[in-house]
Amino acid sequence: MSADDPLHPAQVAARVVAVAGALGDRPGPLTLELYPTLACNLDCAFCDTTDRHRKPVGELSAERLLELVDEAAAMGCKRVFVLGGGEPLLRRDVVPALFVRAKALGMEGILTTNGTLLHGALAQTLCDIGWDEVHISVDGATPAVHDALRGQRGAFRRTVQNACRLRRLRDAAGRRHPRLAVHTVITNRNHTEVAEILRLAHALGAFRVDFDGLIAYTPEQQAFALSAAERLTLAEVAAAALPLAAALGLATTLERFTAPEAPNRGERLPTAPAAPGLHGAPCLKAWHYLVVQADGRSSPCCVLAGEGGSAAEQPLQALWSSDPFLQRVREGMAQGRPLPRCRECSPNILAHEALIRAHLPEGPHWPST
């Protein structure tokens, strides 16, 4: 990524400063993250979304979701990230149109999906419009492990077949996009399969594998947490797999799992160097990122999803500029006081926020209120 790319950390840092210093309508977020639905066609044993099996209620209309993309573009947004507490491709009434609209407006597009519904026509559309990235969840190197964690027999086969089709269509057209990334949540069922998951991702044509830690709220989820002995094993496995990832040309987050003493997700609040204003903010997402849930409720990140005002009831600009919850998050972060739930954040995300913070220009940059 070049330094003049609008999503380069230096450019994100510049947007953060502009948003923080605005007294009226603020420059918009650089990324709009949309959850078209919380419903899901799988039954992941470690999933924390309790709404995934309920009949959808209060979801934003297709028209409103498309309007949000238009409004975001008008505010200077550069990326639309389509995912969800469930499976976004279940919203067949609008998601393909969201892809087309985002690219027509010149925005980068990213989709996160379990891959089972990525059928041929949709894959062809993604290739035709130059969609940027598709992130596919793979939680095991074999059907036995993946399907057990995902709660449905045959899920592994469909995901792999659809990923292969997407790559085949892209390559046949002589294009570089969509690029494929693999997401894996590390549990006590797959922590020894790191090398095999890397080889699978390489075979699928992925450019990156994001390994992430489990966040467990319930006893059912905690049953998949690593024991102390398993954390030691993971550290050894991750360290041994780093040369393999390099040899395969895969970017990974494995280095964050090579220290068994590193805290689990949920154990500690994020921190930042002691410094005034934005330079001491543990997270800067509230100044460059906006999440809109399936029912319109908003937040600056996925961890705090749904705690802010609703895009179903007000324009995106009003929400971004003056929502009380978003303002509270900004004020707390600027004072080095993240909310209690921020302890659930992924180290992968916090590492990127630290990189943005490192690109902030000199000066206190006290945010306006």
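Predicted model: local features only at pLDDT ≥ 70, side-chain atom pairs only at ≥ 80, totals over all residues.
A residue counts as buried when its relative accessible area is under 20%. Leu326 has a relative accessible area of 3%, so Leu326 is buried.

Leu326 belongs to helix α11, and, once its neighbours within four places in sequence are left aside, Leu326 is in contact with Ala286, Pro300, Leu319 and Trp320. Leu204 stands 122 residues away from Leu326 along the chain, and the C-alpha atoms of these two residues are separated by 39 Å.

Leu290 is part of strand β8. With neighbours within four places in sequence again set aside, the contacts of Leu290 are Pro29, Thr31, Leu32, Glu33, Ser298, Ser299, Leu316 and Trp320. Between the C-alpha atoms of Leu290 and Glu362, which lie 72 residues apart along the chain, the separation is 25 Å.

Ser137 lies in strand β4, and, not counting residues up to four places away in sequence, Ser137 touches Thr113, Asn114, His146, Arg150, Thr159 and His183.

| Residue | Element | Relative accessible area |
|---|---|---|
| Leu326 | α11 | 3% |
| Leu290 | β8 | 1% |
| Ser137 | β4 | 12% |

**The sheet and its strands**

Strands of a sheet pair through backbone hydrogen bonds, and the pairing may be parallel or antiparallel. In this model an open sheet of 9 strands has mixed pairing, and its strands follow the order β7-β6-β5-β4-β3-β2-β1-β8-β9. The edge strands are β7 (251-252) and β9 (298-299), each of which pairs on one side only.

Another parallel pairing links strand β5 (residues 179-186) with strand β6 (residues 206-213) through 7 bridges, and here Val182 stands opposite Val209 in β6.

**Helix α2**

Helix α2 runs over residues 62-74, and its 13 residues reach 19 Å from the first C-alpha to the last, which is close to the 18 Å expected at 1.5 Å a residue. An α-helix has 3.6 residues a turn, so residues three or four places apart point the same way. The buried residues of α2 are Arg64, Leu65, Leu66, Leu68, Val69 and Ala72. What do these buried residues of α2 pack against? Their partners are the strands β1 (31-34), β2 (79-82) and β8 (289-292), together with the helices α3 (95-104) and α10 (316-322). After α2 comes Gly76, whose phi is positive, near 95°.

**A cavity and a pocket**

Rolling a probe the size of a water molecule over the atoms shows where empty space is left. The structure holds 1 cavity of 30 Å³ or more, and about 120 Å³ of space lies in the largest cavity. Its lining is made by 13 residues, and those nearest its centre are Cys283, Cys301, Leu304, Met333 and Cys342. The elements giving two or more residues to this lining are α11 (324-334) and α12 (347-358). By class, the lining of the largest cavity consists of 12 nonpolar residues, no polar ones and 1 charged residue.

The second largest pocket has a volume of about 720 Å³. It is lined by 36 residues, of which Ala262, Pro263, Asn264, Arg265 and Pro347 are the closest to its centre. Two or more residues of this lining come from each of β6, α9 (228-248) and α12, and the largest share, 5 residues, is given by α12. Divided by class, the lining of the second largest pocket has 23 nonpolar, 5 polar and 8 charged residues. Helix α12 therefore contributes to the lining of the largest cavity as well as to that of the second largest pocket.

Key:
Residues numbered from 1 in each chain as written. Heavy atoms only, no water. 1 Å grid on protein atoms, 1.4 Å probe; cavity = no way out; pocket = protein on both sides within 12 Å on 5 of 7 lines; lining within 4 Å. Points joined across faces, edges and corners; volume = space filled by probe spheres on them. Helix = DSSP H or I, 4+ residues; strand = E, 2+ residues; numbered from the N terminus. Nonpolar A, V, L, I, M, F, W, Y, C, P; charged D, E, K, R; others polar. Expected span 1.5 Å × (residues − 1). Buried < 20%, exposed > 50% of the residue type's maximum accessible area, 1.4 Å probe, protein only. Contact = heavy atoms within 4.5 Å. Pairing = 2+ DSSP bridges.
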